[in-house]
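Student: Could we walk through this model together, one question at a time?
Tutor: Gladly; let us look at it first.

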Amino acid sequence: VQLQAFGGGLVQPGGSLRLSCAASGSIFSINAMGWYRQAPGEQRELVATAPSGGRTNYADSVKGRFTISRDNAKNTVYLQMNSLKPEDTAVYYCNAQIMPIGTIRWNDYWGQGTEVTVSS
């Protein structure tokens with residue numbers, strides 16, 4: 001099982017980016033999916049989560065600007081980021097709780113990280 005993230009890049013303040021993260025491999029079921037970020041010299045922090053059947057959750061710093069969504073048929077989670085600010089600059093990591101085929105255990109998986117830089 002692996003997660004692969006796409007969509008990072010350089011954007012000006014006020015701009016938008018869309019991140020995507022696809023899970024692949026021997027997947028039986030996926031529970032929650034989400035995005036975290038880590039700025040230089042900082043700890044990794046939650047950005048947004050999307051449970052399989054519940055309400056989405058956002059960090060206060062991104063509420064109203066970021067939207068998380070998922071396509072369960074494609075095992076993919078998205079993060080639409082609007083009105084980006086320089087303080088959004090970070091490496092963004094996707095995360096998913098996945099039950100691989102042949103197991104009865106939820107495991108935590110992380111994507112490789114995609115860099116987002118907001119700068120003029």
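Student: Is Asn-95 buried or exposed?
Tutor: Buried means under 20% relative accessible area and exposed over 50%, with partly exposed in between, using a 1.4 Å probe and protein chains only. The relative accessibility of Asn-95 is 7%. Asn-95 therefore counts as buried.

Student: Before we go on, what should I keep in mind about the model and its numbering?
Tutor: This is a predicted model, in which local features need pLDDT of at least 70 and side-chain atom pairs count only at pLDDT 80 or more, while totals for chains, interfaces and linings use all residues. Residues are numbered from 1 along each chain as its sequence is written, and side-chain values use heavy atoms, with hydrogens and water left out.

Student: Which side chain does Asn-95 join through a polar contact?
Tutor: Asn-95 is in strand β9; strands are DSSP runs of E, at least two residues long, numbered from the N terminus. A polar contact is a pair of N or O atoms within 3.5 Å; within protein, one must be able to donate a hydrogen and the other to accept it, and residues adjacent in sequence count only if both atoms are side-chain atoms. At 3.3 Å, the side-chain partner of Asn-95 is Asp-108.

Student: What is the bridge partner of Ala-96 in β10?
Tutor: Two strands pair if DSSP finds at least two bridges between them. β9 (residues 90–100) and β10 (residues 107–110) have four, in the antiparallel sense. Their hairpin has six residues between the strands, and Gly-102 takes a positive phi near 90° there. The partner of Ala-96 in β10 is Tyr-109.

Student: How many residues apart in sequence are the parts tied together by the aromatic pair of Tyr-36 and Trp-110?
Tutor: Rings of Phe, Tyr and Trp (its six-membered ring) pair if their centres lie within 6.5 Å; planes under 30 degrees apart count as stacked, over 60 as edge-to-face and the rest as tilted. A search of the whole structure finds one such pair. Tyr-36 and Trp-110 are edge-to-face, at 5.1 Å centre to centre and 65° between the planes. Tyr-36 lies in β4 (residues 27–38) and Trp-110 in β10, so the parts tied together are apart in sequence by 74 residues.

Student: At what distance from the ring centre does Arg-44 lie over the face of Trp-110?
Tutor: A charge sits over a ring if NZ of Lys or CZ of Arg is within 6 Å of the ring centre and within 35 degrees of the ring normal. Arg-44 lies over the face of Tyr-93, at 3.8 Å from the ring centre. For Trp-110, the distance from Arg-44 to the ring centre is 4.7 Å.

Student: Which strands stand at the edges of the open sheet?
Tutor: The sheet has four strands in the order β1-β3-β8-β7, with antiparallel pairing. Each edge strand has a single partner, so one side of each is left without a neighbour in the sheet. The edge strands are β1 (2–6) and β7 (66–71).

Student: What is the bridge partner of Arg-70 in β8?
Tutor: β7 and β8 run antiparallel, joined by six bridges. Their hairpin has four residues between the strands, and Asn-75 in the turn has a positive phi of about 50°. In β8, Arg-70 is partnered by Val-77.
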